[in-house]
Amino acid sequence: MEWETVIGLEIHAQLATRSKIFSGSATAYGAAPNTQANLVDLGYPGVLPVLNREAVRMAVRFGLAIGAEICRHSVFARKNYFYPDLPKGYQISQYELPIVARGTLDIVLEDGSRKRVGITRAHLEEDAGKSLHEGLPGLSGIDLNRAGTPLIEIVSEPELRSAKEAVAYMKKVHTLVRYLEICDGNMQEGSFRCDANVSVRPRGAEKFGTRAEIKNLNSFRYVEKAINYEVERQIELIEGGGRVVQETRLYDPDRGETRSMRSKEEANDYRYFPDPDLLPVVLEDDFLEELRSTLPELPDQKAARFAGDYGLSDYDAGVLTASRELGAFYEDVVARVGRDPKLCANWVMGDFAAFLNKDNLEIAESRVGSAALAGLVTRILDNTISGKIAKEVFEAMWAEGEGADAIIEKKGLRQITDTGAIEQAIEDVMAGNPGQLADYRSGKDKLFGFFVGQVMKATGGKANPAQLNELLKKKLPG
Amino acid sequence: MSLTRADIEKIAQLARLDLTEAEIPVYVDSLSRIMDFVGELERAGTAGTSPMAHPLPGLAQRLRADVVSETDQRERYQRNAPQVEAGLYLVPKVIE
Amino acid sequence: MTAPSLPAATVAGLAKGLNAGEFSSVELTEACLGRIAASQPGLNAFITVTAEAALAEAGAADTRRREGRAGPLTGVPIAHKDIFCTQDVLTTCGSRMLSNFVSPYDATVVAKLREAGTVALGKLNMDEFAMGSSNETSFFGPVRNPWDTTRVPGGSSGGSAAAVAARIAPAATATDTGGSIRQPAALCGVTGIKPTYGRVSRYGMIAFASSLDQAGLITVSAEDAALMLGAMAGFDPRDSTSVDSPVPDYAATLEQPLAGLTIGLVKEFFDKGLDRQCEQRIRDALAVYEKLGARLVEVSCPNLPLSVPTYYVVAPAECSSNLARFDGVRFGHRCESPRNLTDLYNRSRGEGFGAEVKRRIMTGTYVLSAGYYDAYYLKAQRVRQLISRDFAEAFGQVDLLLGPTSPTAAFAIGAKTEDPITMYLNDIYTIGANLAGLPAMSLPCGFADGLPVGLQLIGPHFSEARMLNAAHRYQMETDWHLRVPAAFG
């Protein structure tokens with residue numbers, strides 16, 4: 001039987017506020033345990049929550065960016081369950097009236113086609129603390145620094161049909177929240193993570209299969225691997241005559257498999273009800289208008305502009321707009337070079353991106369800035385160096401932190417455009433390779449490339465390739 | 001309405017309350033009586049009436065400025081804690 | 001200087017005496033501490049007495065007065081219901097769960113009254129987590145009624161009412177979720193006020209049912225309540241449900257004439273459940289109001305009889321969630337040697353909470369659980385809306401509503417502990433004001449078989465000034481509020 005995969009993602013994005021959603025504690029990552037947990041975060045008797053304005057603004061910005069409905073009258077509710085990292089015994093979340101509902105996001109699939117993914121809702125809630133298990137035999141240690149950090153939970157429709165689609169969607173959300181500067185997107189620190197609801201059904205079937213929820217996936221790679229594993233597990237199970245049970249599963253990256261979370265097996269009954277400590281969040285027109293008018297250019301808008309203004313392919317435009325920083329870097333290079341945006345794009349997406357990746361650096365930390373890269377591209381365009389030599393120059397720029405011109409001078413990499421010098425080199429090569437010359441002249445045209453290579457070698461790669469071609473064509477026939 | 005022993009046990013587990021053998025029949029009886037009593041609400045005609053979650057109508061949530069106003073008070077706040085180590089609250093191992 | 005006569009004391013009178021230099025705050029505080037110590041075995045009104053701190057505060061108050069920096073309440077001793085968090089002082093909420101809990105912070109109410117110069121004598125006994133109408137659910141033992149120590153003082157603010165009735169504390173803070181200020185005030189023959197929801201901050205007041213809880217006062221007189229409420233009320237940025245509107249000078253309007261005041265008699269309050277003698281005392285009070293120029297009108301709140309069942313869905317629902325934080329991890333009772341996490345939770349909570357608290361947590365858990373939410377919780381919140389509308393319509397016709405506070409005078413200890421419903425029906429006349437967030441008061445209006453009877457006033461939102469005025473004018477005509485139990489005279 002042919003199976004169809006059905007995936008919905010619940011992405012949790014920590015909002016980049018300074019203080020917590022309901023208290024004045026700091027949200028900074030990495031502080032000593034429980035030093036950023038005040039009475040409200042600890043759920044002390046008698047304390048009360050007061051909502052952080054910035055968290056509301058950030059959630060609304062997200063909603064506006066996905067073309068969603070912004071709820072003018074959203075309500076916080078309590079989700080009741082016991083867990084040591086949940087100090088009050090309930091999580092303040094939103095249930096019936098979330099602040100953001102019914103948005104969409106477009107993703108580009110592998111074949112280049114676009115797919116519109118529905119976003120059911122995005123609601124505000126508080127994060128839980130952390131349980132630590134190391135070095136405490138038989139015990140867990142509870143750190144509540146993270147408790148009360150604002151989150152938006154972004155819930156997609158079950159419209160994703162493969163692990164790759166799920167990853168493309170998650171990456172798109174990741175890009176968007178960083179564009180909006182509402183989340184730092186740091187997945188190692190858990191600022192951006194997701195739960196995946198995965199099920200399979202016979203292709204063509206209307207009804208969804210029973211789903212399993214894979215909790216707490218904090219890398220794109222894990223999302224893909226966990227979903228693929230889970231899909232295979234479910235298909236095998238069903239084909240072997242078994243039945244998928246609705247349950248919560250955990251992905252174990254070391255074993256590359258998902259396993260059932262026993263602790264969450266007990267049927268949860270969250271007993272949601274409106275939080276009587278908080279009033280409805282009422283959003284006025286001017287509040288929304290101010291947020292709407294200050295939205296930045298969004299990734300899709302920017303990609304369309306890049307494709308149009310710079311003549312880039314959709315793919316290239318997509319890559320260059322994957323982050324606000326990369327787009328800005330690219331545009332700066334183009335502005336400085338002043339022409340050939342395609343060549344600029346190749347350099348930004350090519351060597352530049354590869355070197356950043358190799359050294360695991362952010363754009364802001366790059367060893368070659370936009371001005372330096374523009375300087376290099378300019379030297380290619382004005383024939384000072386060839387594209388090939390440029391790669392060598394770039395590597396030296398990266399290593400030594402100097403500009404293209406300095407490297408070119410220091411290493412004597414300036415392209416030879418002097419016809420006489422190139423002719424001389426050609427004649428030397430012809431003289432040194434009489435056999436090949438004879439063969440060429442007797443009709444082995446393919447040897448033309450051999451002579452190009454030899455002359456390049458003799459000139460240290462610096463001969464202007466176009467001139468070299470032209471001169472060889474004249475000289476080789478004799 | 002009559003609640004059963006199983007109902008009480010289920011509710012007590014959801015509420016994380018250990019009940020003694022002697023307590024269970026007491027709660028079977030009193031919760032049944034309470035549910036009968038509040039069952040009176042059924043006869044109120046509430047069609048078209050919205051639920052009232054808050055006693056003062058028309059108020060909206062106030063929003064706080066995003067300012068860090070708290071300092072580290074861990075030592076003070078943990079004086080009430082039954083078991084702490086290295087700044088962590090300790091509980092029997094959480095199994096995931 | 002002469003030590004004040006506490007049995008005859010009011011906050012207003014003591015403040016005058018302090019100002020006139022008739023006695024010092026230290027002398028006054030010592031006198032209170034002496035009376036507390038003497039009363040404690042019989043009444044059990046206090047859980048904690050902070051004698052040393054009180055004397056230090058009193059000394060500081062005397063210094064401020066000498067330096068000419070005294071306010072109207074500087075040096076007046078009061079006591080707090082043990083539901084209010086008090087920094088570095090045991091705060092138990094009447095529960096074994098918090099029997100070792102020392103709060104690291106002050107409730108806003110506590111801080112405000114301290115800023116006003118009052119001296120805190122200690123923490124008053126109460127029903128466990130404010131769940132009760134007789135003060136019999138306290139982990140620290142029942143409080144006894146000063147008028148008859150075989151009887152209950154009412155609850156949950158039984159310690160507050162008993163302490164003021166016995167004149168061992170001139171005034172006390174209290175809280176009211178379904179009648180917990182007014183009912184014990186009535187049963188102990190003292191004055192109690194539950195302000196409008198949102199008028200007084202809930203920050204630092206240990207939550208029972210957040211949409212119903214309101215802090216207020218138990219005092220000897222309406223005048224005392226006016227003086228104290230002014231110091232205690234006001235907007236608190238730490239409580240999202242606190243209301244940002246100015247606090248009027250309640251004392252300034254106390255003596256306004258009542259001519260032209262329209263008082264509504266709620267038909268449903270004078271039902272068959274009301275004790276005949278109690279009803280007669282209310283009718284006597286009506287005659288006083290008529291004499292004062294008020295016009296009496298009968299009104300009906302047809303949905304009001306549903307207020308008790310409504311309350312016993314809403315309050316337990318909120319309580320089941322509010323009390324989930326007591327899990328033996330960060331504070332409060334923890335069981336010995338938990339075998340695992342579930343055992344830690346189940347036993348810590350099972351041992352830490354008393355029978356009535358467990359009953360309400362379970363009731364609340366049940367009405368919120370899957371399959372029952374709509375039928376119980378949502379239904380109750382809709383009925384709550386109907387009850388609120390009944391009140392709103394009544395206030396379209398009248399300025400204040402008047403009726404009994406409690407269906408009977410104080411009952412015997414142990415008389416109603418068997419059947420929760422019988423106990424719950426004690427609050428039949430008081431719960432409506434909580435559901436609708438309205439301010440309400442109870443005033444002593446006479447006796448039934450030697451036990452005090454209370455009359456209740458209910459006003460529209462934020463009508464405390466008018467209500468206190470009506471109460472004060474009544475107390476100018478009567479002396480029920482000045483009667484002191486023989487054993488404490």
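A residue is called buried here when its relative accessible area is under 20%, computed with a 1.4 Å probe on protein chains only. The coordinates are those of a predicted model, so please read each stop with that in mind.

Begin by selecting A:Phe306 and A:Tyr330, both of which are buried. Their rings form a tilted aromatic pair, with 5.4 Å from centre to centre and 55 degrees between the planes. Because A:Phe306 belongs to helix 5 (residues 299–310) of chain A and A:Tyr330 to helix 7 (residues 324–337) of chain A, the pair ties together parts that are 24 residues apart in sequence.

Next, select C:Tyr311 and C:Tyr312, which are likewise listed as buried. The ring centres of C:Tyr311 and C:Tyr312 lie 4.9 Å apart and the planes stand at 75 degrees, so this pair is edge-to-face. Over all chains the structure holds 38 aromatic pairs. To see ring pairs joined into a cluster, select A:Tyr44, B:Tyr77, C:Phe101, C:Phe129, C:Phe326, C:Phe331 and C:Phe353 together.

Now turn to chain C and chain B, where 75 residues of chain C are in contact with 52 residues of chain B. The area buried between these two chains is about 5,200 Å², and carbon and sulfur atoms give 66% of that area. How many salt bridges are there between chain C and chain B? The count is 2, and one of them can be shown by selecting C:Asp419 and B:Arg33, whose closest N and O atoms are 2.9 Å apart. Between these chains, 20 residue pairs are in polar contact, with both residues at pLDDT 80 or more. Helices of chain C that each supply at least two residues to the side touching chain B include helix 9 (307–322) and helix 13 (420–424), while helix 12 gives the most, with 12 residues. The residues on that side of chain C divide into 37 nonpolar, 23 polar and 15 charged.

Finally, display chain A with chain C, between which about 2,800 Å² is buried, 60% of this area coming from carbon and sulfur atoms. On the chain A side, select A:Pro45, A:Leu48 and A:Phe82, which lose the most area to chain C and together account for 22% of what that side buries. The count between chain A and chain C is 1 salt bridge; to view a salt bridge here, select A:Asp277 and C:Arg202, where the closest N and O atoms are 3.1 Å apart.

Conventions. Residues numbered from 1 in each chain as written. Chains lettered and ligands numbered in written order. Predicted model: local features only at pLDDT ≥ 70, side-chain atom pairs only at ≥ 80, totals over all residues. Heavy atoms only, no water. Contact = heavy atoms within 4.5 Å. Buried area = accessible area lost by both parts, 1.4 Å probe. Salt bridge = Lys/Arg side-chain N within 4 Å of Asp/Glu carboxyl O. Polar contact = N/O pair within 3.5 Å; in protein donor to acceptor, adjacent residues only side chain to side chain. Helix = DSSP H or I, 4+ residues; strand = E, 2+ residues; numbered from the N terminus. Nonpolar A, V, L, I, M, F, W, Y, C, P; charged D, E, K, R; others polar. Phe/Tyr/Trp six-rings, centres within 6.5 Å; stacked < 30°, edge-to-face > 60°. Buried < 20%, exposed > 50% of the residue type's maximum accessible area, 1.4 Å probe, protein only.
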